[in-house]
Amino acid sequence: MSTELKTAKDVSEHLLRITAKALMTRDFDMFAACFHLPQTMNTMGRRVVAETRFDLRRVFESNCDHHEALGVTELRRECVAAIFHGENRVEATHLSTVLADGKEVMPPYPVFSVLEKSDTGWLIMSSEYALDDDSAVAKAIHAAETGDSEAEAIYQVHLDSATASLLRGDFDTFQHLVSIPHHMTTETDVIVVKSLSEMKDLFDQFSQMYANAGLTDFIRTVREAKFVGPDEIIGTHISHQIRNGQRILPPYPNRARLVRGSDGAWRETHCANAILNNFENFKLWTRVADEPRLPELDQPIEGAKS
């Protein structure tokens with residue numbers, strides 16, 4: 001047993017600290033590393049099972065959004081009881097308090113959790129929340145049951161790959177993630193990219209804007225994605241642009257269509273963004289609409305190709 005985690009309470013508080021930090025910094029990888037999958041979560045009247053990492057991510061993002069809407073500045077979770085059942089299992093209860101500038105924004109609630117030791121460390125196996133099903137936190141937990149996990153997994157992989165290539169200025173990777181022609185719809189414009197050279201110019205503009213803005217994190221997380229045909233996915237996601245822990249734009253919604261080509265690869269054919277494009281082809285920084293309406297996608301582009 002780890003020398004740092006000698007008691008059952010140590011184990012519980014260790015996981016509570018990590019998950020609280022992950023939620024407050026919107027670090028999903030840190031959060032997910034604390035959970036076993038499938039993960040069972042019970043509220044007062046409902047049992048939810050997060051079968052996949054993407055199910056868990058829906059719960060995580062819903063919680064983060066709830067906290068952000070409330071202006072939460074601290075998650076205070078105190079272990080009130082914990083006991084070993086053998087060397088590799090702990091049952092623990094903690095009290096969860098959500099605060100904004102030192103004031104409670106909802107009544108504290110207890111959570112009972114089963115924790116087990118694995119090859120990678122201690123993991124949360126299941127939790128029971130003393131929450132009514134109509135509470136905001138319970139609804140965030142219930143988010144695990146919505147959506148299409150397979151479509152969302154494909155969509156999120158696409159987002160992660162495209163975002164990483166943009167941030168490192170890697171057009172060679174990016175060009176294989178999009179189809180030509182390609183439509184980009186904003187609140188104010190429709191841009192049709194008709195050639196690979198045009199896409200390269202636009203890619204360079206975006207990469208340079210991000211560099212000029214000092215962007216250190218560009219987090220794009222799927223909200224919902226579904227198959228609308230065997231080779232087509234439409235989804236929505238939220239973009240978070242961050243510089244050294246501070247937002248440089250409010251979070252904004254996006255929508256995209258992915259189409260699977262004859263080579264089996266998924267490529268983006270359309271994207272719609274709730275931003276105002278006041279300058280041709282994004283040559284200067286844009287801003288989020290005051291009341292984002294998120295444009296609909298156009299009809300599929302005829303002749304789209306990699």
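Mentor: Helices (H or I, at least four residues) and strands (E, at least two) are DSSP runs, numbered from the N terminus. By that rule His-94 is found in strand 4 (residues 89-100). This is a predicted model: local features need pLDDT of at least 70, side-chain atom pairs count only at pLDDT 80 or more, and totals for chains, interfaces and linings use all residues. Residues are numbered from 1 along each chain as its sequence is written, and side-chain values use heavy atoms, with hydrogens and water left out.

Trainee: How many helices and strands are there in the chain?

Mentor: The chain has seven helices and 16 strands.

Trainee: Why does His-94 count as buried?

Mentor: Buried means under 20% relative accessible area, exposed over 50%, partly exposed in between (1.4 Å probe, protein chains only). His-94 has 8% relative accessibility, so the residue counts as buried. Of the 306 residues of the chain, 48% count as buried.

Trainee: What is His-94 in contact with, leaving aside its neighbours within four places in sequence?

Mentor: Contact means heavy atoms within 4.5 Å. The partners of His-94 include Leu-16, Arg-77, Tyr-109 and Ser-113.

Trainee: What makes a set of residues a nonpolar core?

Mentor: The members are buried Ala, Val, Leu, Ile, Met, Phe, Trp, Tyr and Cys residues, joined through side-chain atoms within 4.5 Å. The largest one here has 36 residues, and Phe-31, Met-41 and Leu-115 have the most contacts inside it. Helix 1 (residues 8-25) gives the largest share of this core, six residues. Apart from it lies another core, of 22 residues, with Val-178, Met-184, Leu-215 and Ile-275 among them.

Trainee: What does Phe-31 touch, beyond its neighbours within four places in sequence?

Mentor: Phe-31 is in contact with Thr-19, Ala-22, Leu-23, Leu-56 and Phe-60. Phe-31 and Phe-60 also belong to one aromatic cluster with Phe-28 and Phe-35.

Trainee: Why is the pair of Phe-84 and Trp-122 called tilted?

Mentor: Rings of Phe, Tyr and Trp (its six-membered ring) pair if their centres lie within 6.5 Å; planes under 30 degrees apart count as stacked, over 60 as edge-to-face and the rest as tilted. Phe-84 and Trp-122 are 6.2 Å centre to centre, with 55° between the planes. That puts the pair in the tilted class. Phe-84 lies in strand 3 (residues 74-84) and Trp-122 in strand 7 (residues 121-129), so the pair ties together parts 38 residues apart in sequence.

Trainee: Are Phe-84 and Trp-122 buried or partly exposed?

Mentor: Phe-84 has 26% relative accessibility, so it counts as partly exposed. Trp-122 has 7%, so Trp-122 counts as buried.

Trainee: What makes Phe-206 and Tyr-210 a tilted pair?

Mentor: Their centres are 6.0 Å apart and their planes at 45°, so the pair is tilted. Both lie in helix 7 (residues 196-212), four residues apart, about one turn of the helix. Phe-206 is buried, and so is Tyr-210.

Trainee: How do you know that helix 5 and helix 7 are roughly perpendicular?

Mentor: Axes are lines fitted to C-alpha atoms, for helices over the stretch in contact, and angles run from 0 to 180 degrees between N-to-C directions. Angles under 35 degrees count as roughly parallel, over 145 as roughly antiparallel, 65 to 115 as roughly perpendicular and the rest as oblique. The axes of helix 5 (residues 149-167) and helix 7 come within 8 Å and cross at roughly 70°. The two helices are therefore roughly perpendicular to each other.
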